[in-house]
Amino acid sequence: MTKQQRDIIDAKKEVFRGFCLKWGKDIERRFLDECSRRPNADPQIIMDRLTHDKIQERFDEFYG
């Protein structure tokens, strides 16, 4: 895992904490797998794509 990947994971964990969402190791595993399969892709976009739905669902619960 690169420093950039670790920073992205840590930042997204903070977002999950802020929305009282449980962070799963499966998110990290899928993120790292996707990054290795797509080395030229922006890792931030990969993480955002993987976590968008969970965050959106919680946002909708809070702010309807």
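Start on the outside of helix H1: the face turned away from its buried side carries the exposed residues Lys 3, Arg 17 and Gly 18. Exposed means over 50% relative accessible area, buried under 20%, and partly exposed in between, with a 1.4 Å probe and protein chains only. Helices are DSSP runs of H or I with at least four residues, numbered from the N terminus.

This is a predicted model, where local features need pLDDT of at least 70 and side-chain atom pairs count only at pLDDT 80 or more, while totals for chains, interfaces and linings use all residues. Residues are numbered from 1 along each chain as its sequence is written, and side-chain values use heavy atoms, with hydrogens and water left out.

Now turn to the other side. In H1, Gln 5, Ile 8, Ile 9, Lys 12 and Phe 16 are buried. Seen down the axis of H1, these buried residues fall within an arc of 100°, so they line one face of the helix. The arc is taken from the directions from the helix axis to the C-beta atoms. The buried residues of H1 pack against H2 and H3. Just after H1, Cys 20 takes a positive phi of about 55°.

Next comes the core. The largest nonpolar core has 13 residues, and Phe 16, Trp 23, Phe 31 and Met 47 have the most contacts inside it. Such a core is a set of buried Ala, Val, Leu, Ile, Met, Phe, Trp, Tyr and Cys residues joined through side-chain atoms within 4.5 Å. Helices H1 (3-18), H2 (25-37) and H3 (43-63) each give two or more residues to this core. H3 gives the most, with four residues.

Notes. Contact = heavy atoms within 4.5 Å.
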